[in-house]
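Subject: Structure handover and notes

Hi,

Here is the structure for your set-up work. My notes follow below it.

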Amino acid sequence: MHSFFRAAGVGLALWLCSARATAQAEGEVRPPIPQTSTEVAYPDGAVGEASVELELVVSQDGSVTSAVVVEGAEPFAEAARSAARSWVFAPAQRGGTPVAARIRARVVFQRETEAAPSPPAAPDVTPVPSDSREGWAAAPEPPLEITVLGASRDIGQTTLSKEEVREMPGAFGDAFRAIEALPGVTPLVSGVPFFFVRGAPPNNAAFYVDGVRVPQLFHLGIGQSVIHPGLLDRVDLFSSAAPARYGGSTGAVLAGHLREPSTALRGEANVRLVDAGALLEAPFAGGRGNALVAGRYGYPGPVLSAVTDELKLGYWDYQARATFRVGERGTLGLFAFGSHDYLASRSSSGDPEERRELQEQLVSDFHRLDLRYDHALPEGRLRAALTGGYDSMGAQPTYMTNRSLGARVEIEHALTPELRFRGGAEARVDDYGMRVTRQGPREPTVPQSATPPPTNLSAGLHADFVWRVTRDVELIPGARFDLYASTRRNEAPMRGHSRAALPAVDPRLAARVRLSRGVVWVSALAMAHQYPSLRVGDIPAPLVSVPGFPFDRRKLQTVAQASQGVELSLPLDLTLTATGFYSLFWNLTDLSASCFQYQLGDEPEPNPNTPPPAYVCPNNAPVRGNAYGLELLLRRSFSKRLSGWLSYTLSRSTRRAHFLTRTGEDAIANVASEFERTHVLNAVLSYDLGRRWRFGTRLLYYTGAPYSQLDGSLPVPPYNAYRQPAFYRVDLRLEKRWRVGRSGSVAFVVEGQNVTLSKEVSSLGLECEGGPSPDGQTTVCEPSKVGPLTIPSLGLEAFF
């Protein structure tokens, strides 16, 4: 008799029983299904039979990103683990949406016997189920576990998947750009990626890329994100009451999460009218390691030059990531990324000499290097990371720099099936600098509170518990404990340094209650603190500001946030979310109003022989404010043939504000916030035309922001009592896709933002000079129009 050894295929030996969702969220979980052969070669030199139990992490794209031996002896354990890294699954699904999952798999190595000697050719062997043994009685197998990963949606979190982003018209396949279509998010100017969310000043928002804080997520002008879209798995928006792991921000939190390293070679490339990008990822060292490089380069110059020679715009970004598995449960990673933006325009002066050279309106660079170690725990994970960074941002003649170094530790662990702990610690040093370039003889100095620049030290601890009280009730109590310290040189002629250190406690509480089938009640309460904001020259603060304490005040910006909502599952696979919110701010340093050159309407224009008007800045003493409103989101998955969403926000945001009067005094008034828009509506529709054609359109509409009439350049009462005209735009997208090979594709995409060529009235960074009225009591201001900010896109995309 001739005998041989083999391992039973996992298609028969993979026991996937008793699904358990870590998130305990709504929706039925469908486990991953093997799509490729799961047979494992019997290891050379081995003898006998063996069983190996593996813990696999199957990503949203079906690849196995982690394989850990739970039980089993060598050499069988290594053979099973190595083979499992190459398996491909149909990913787990919850409610029809692919999700990452952790599963347990058992590979059984056993001996099979043939009745006759084998011919030289390989025998045709039928796999034997794992519950059969030669002469053994089948023993009952213990249930193996399916744990859905990444499906734990925090209360108050709105998530955009990469699939939704790809199909959204006007987003250009960019996850961060698609954020403006969510309820509660108001763009400062249509097409410009700076947002006003639930009443918080735009510069109080916090941006993260895979846990690393960055100063911006978008390029200027065209507004593409600073991370290649193919590297992002999803984007989470916390409009308020963010989880305890996010600190140092009284505004919205926008967090991008990277895709897990792939176990197979993959790549993307795209070429458009104004930029080109590429991504390449490959495993190495037998699947133990992974390397990725990506980047994008913008060349809008030829397109702009066909329209105007008054403007110059450029941008680029890069990303590089390497990971290597250390031992059975550890992974060492290095992630480097950065971005550059350049915007310059000619002076509006009539002097030919001043108009000869372009003047830098905004130059921005940042770079990050993140060294991390991830360790898979039996019921959780641990991450330790060290991050270095460099930032440089500003406009002629003032530029801010920042050299930073930070460390963080994060841990997540399931204490019981009903209770999960999430906690960590972090510390960061930011050393700010200021650089002033050559000023023209007629350029007055702009006052700025960021000089001398500060050095900040922030440190904090955070923890929360995800507690499944009952099947229908989930609570997440948590808190942050932070220290905000800062030191800076005293202003001349004083010597020495000024120092401040303030502690802060930020409690958080969130609840999710299923009232009935398809009806979920959600609630969140939180407090948050952050450094005050310091002004950098006459650059609009939403673009550039510096955190630190003013010399005469030692108070942290503080906000109390509450939200209450209901989530409804409707027929036709529709979901409806309705959320009411309220935010109360105090010690707010609102820099929404920019510095301006002081000149009254009845004063004659300065001639070349007289000094230009001096710059004055609004009083930045801390103020109070509040915001409240209602947000609606009706949504149908983009995986459906007819899909889309409808989002609507009704809100009101007010604050105390300081205004300079004609007599030079300081007036205080309760006004509507500069970027408040009472009504914001987004309607997105996408339809699969068949034969891999897909068409989509989007309508954006919002009412005008408030403004004051001007006496020359001086605001006059009633302050912020007037409204700019409403604005709307329509975006279109048409895609044709061809499959190439088993997993590749090529797409031709025609896309346009603001195809209606709509112009928008905005005072952001623009001059609006008022003239005297006939009665001499008030003035009429005609704000400038922006645009049309229309972005056409014609390009090719390739995936493999």
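Arg198 is buried, at 10% relative accessibility. Buried means under 20% relative accessible area, exposed means over 50%, and partly exposed is in between (1.4 Å probe, protein chains only). Arg198 also has a positive phi of about 50°, although it is not a glycine. It sits in the loop between strand 13 (192–197) and strand 14 (206–209). Strands here are DSSP runs of E with at least two residues, numbered from the N terminus.

Before the rest, the ground rules. This is a predicted model, in which local features need pLDDT of at least 70, side-chain atom pairs count only at pLDDT 80 or more, and totals for chains, interfaces and linings use all residues. Residues are numbered from 1 along each chain as its sequence is written, and side-chain values use heavy atoms, with hydrogens and water left out.

Backbone

Arg692 is another non-glycine residue with positive phi, near 60°. Its place is the loop between strand 40 (679–690) and strand 41 (693–702). Arg692 is partly exposed, at 45% relative accessibility.

There are cis peptide bonds to note. One runs from Gln396 to Pro397, with omega near 10°. Pro397 belongs to the loop between strand 24 (380–395) and strand 25 (398–416). Another cis bond joins Pro717 and Pro718, with omega about 0°. Pro718 is in the loop between strand 44 (714–715) and strand 45 (722–723).

Asn754

Asn754 is in the loop between strand 47 (744–753) and strand 48 (760–761). At 2% relative accessibility, it is buried. A polar atom of the Asn754 side chain lies 3.0 Å from the backbone nitrogen of Ser758. Beyond its neighbours within four places in sequence, Asn754 is in contact (heavy atoms within 4.5 Å) with Arg729, Val730, Asp731, Pro788, Leu789 and Thr790.

Salt bridges

The structure holds 41 salt bridges. The criterion is a side-chain nitrogen of Lys or Arg within 4 Å of a carboxyl oxygen of Asp or Glu.

One of them pairs Arg514 with Asp472, at 2.5 Å from N to O. Arg514 lies in strand 29 (residues 497–516) and Asp472 in the loop between strand 27 (455–470) and strand 28 (473–489), so the pair ties together parts that are 42 residues apart in sequence. Arg514 is partly exposed, with a relative accessible area of 23%. Asp472 is partly exposed too, at 29%.

Asp482 and Arg480 also form a salt bridge, at 2.8 Å from N to O. Asp482 is buried, with a relative accessible area of 9%. Arg480 is buried as well, at 0%.

Then there is Arg677 with Glu760, where the N to O distance is 3.3 Å. Arg677 lies in the loop between strand 39 (666–672) and strand 40, and Glu760 lies in strand 48, so this pair ties together parts 83 residues apart in sequence. Both Arg677 and Glu760 are buried.

Finally, shared partners link some salt bridges into one network. Its members are Asp210, Asp370, Arg372, Asp374, Arg381, Arg383, Arg408, Glu410, Glu412 and Arg420.

Best wishes

Technical notes:
Helices (H or I, at least four residues) and strands (E, at least two) are DSSP runs, numbered from the N terminus. A polar contact is a pair of N or O atoms within 3.5 Å; within protein, one must be able to donate a hydrogen and the other to accept it, and residues adjacent in sequence count only if both atoms are side-chain atoms.
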